Amino acid sequence: MPTSRLSFKEMCARYDVTPRTLRYYEYIELLSPDREGRARFYNGRDQARMTLIMRGRRFGFALEDIRQWLLIYEKEGTAAQMQAWVELADRQMKELVEQRRQLDETMGELQRLRDETAASLG
């Protein structure tokens, strides 16, 4: 887990997010930076959470699912969080398989229409 504190600007740069995104994650209680006046500083816990949030977003998880998953660790511990992760991953894999099926279908339809149009030209 990272140990140095990062400023707001450093967090945005490290995780390649906009200031608006970082403020939103704080607003929905995914992150809770230390405040010194108007400045925000993110400790190792927040940095670790941000890594998990970014990974979850890349896998297509909803922010609310990520928030609930992170809460499980705080309330029930690692084993419960790992079990919840398996369930979330299983559900997301099903969703991704369906999205792939729909994408393949759409691409096939587009290719057919493209080929028909190209054939009508020549």
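Guide: Happy to! A nonpolar core is a set of buried Ala, Val, Leu, Ile, Met, Phe, Trp, Tyr and Cys residues joined through side-chain atoms within 4.5 Å. Please keep in mind that this is a predicted model.

The largest nonpolar core here has 22 residues. Those with the most contacts inside this core are Met11, Leu22, Leu30, Leu31, Met50 and Ile53. Helix 1 (8-15), helix 2 (19-27), helix 3 (44-58), helix 4 (63-76) and helix 5 (78-121) each supply at least two residues of the core. Helix 4 gives the most, with five residues. In soluble globular proteins, nonpolar side chains tend to be buried together.

Now pick out Ile53 on your screen. If you leave aside its neighbours within four places in sequence, Ile53 is in contact with Tyr25, Leu30, Leu31, Leu63, Ile66 and Leu70.

Next, see how helix 3 and helix 4 pack. The angle between them is about 140°, and their axes are 10 Å apart. Helix 3 and helix 4 are therefore oblique to each other. Helix 3 passes helix 4 in a right-handed crossing. On the helix 3 side, the contact is made by Arg45, Arg49, Leu52, Ile53, Gly56 and Arg57, while helix 4 brings Leu63, Ile66, Trp69, Leu70 and Glu74. Sorted by class, this contact of helix 3 with helix 4 has six nonpolar, one polar and four charged residues.

Turn now to the packing of helix 4 with helix 5. These two helices pack at an angle of about 160°, with their axes 7 Å apart. Angles over 145 degrees count as roughly antiparallel, so helix 4 is roughly antiparallel to helix 5. The crossing of helix 4 with helix 5 is right-handed. From helix 4, Asp65, Trp69, Leu70, Ile72, Tyr73 and Glu76 take part; they meet Thr78, Ala80, Gln81, Ala84, Trp85, Leu88 and Arg91 in helix 5. By class, the contact of helix 4 with helix 5 has eight nonpolar, two polar and three charged residues.

Cys12 has a relative accessible area of 10%, and buried means under 20%, so Cys12 is buried. Not counting residues up to four places away in sequence, Cys12 touches Val17, Thr18, Pro19 and Leu22. One of these, Leu22, is among the residues with the most contacts inside the core. The C-alpha atoms of Cys12 and Phe41 are separated by 12 Å, and these two residues are 29 residues apart along the chain.

Most residues other than glycine have a negative phi. Asp16, in the loop between helix 1 and helix 2, has a positive phi, near 55°. With a relative accessible area of 70%, Asp16 is exposed. Glu29, found in the loop between helix 2 and strand 2 (34-36), has a phi near 70°, also a positive value. Glu29 is exposed, with a relative accessible area of 60%.

Definitions and conventions. Residues numbered from 1 in each chain as written. Predicted model: local features only at pLDDT ≥ 70, side-chain atom pairs only at ≥ 80, totals over all residues. Heavy atoms only, no water. Buried < 20%, exposed > 50% of the residue type's maximum accessible area, 1.4 Å probe, protein only. Helix = DSSP H or I, 4+ residues; strand = E, 2+ residues; numbered from the N terminus. Contact = heavy atoms within 4.5 Å. Axes fitted to C-alpha atoms, helices over the stretch in contact; angles between N-to-C directions. Parallel < 35°, antiparallel > 145°, perpendicular 65-115°, else oblique. Left-handed = near helix turned anticlockwise from the far one by under 90°. Nonpolar A, V, L, I, M, F, W, Y, C, P; charged D, E, K, R; others polar.
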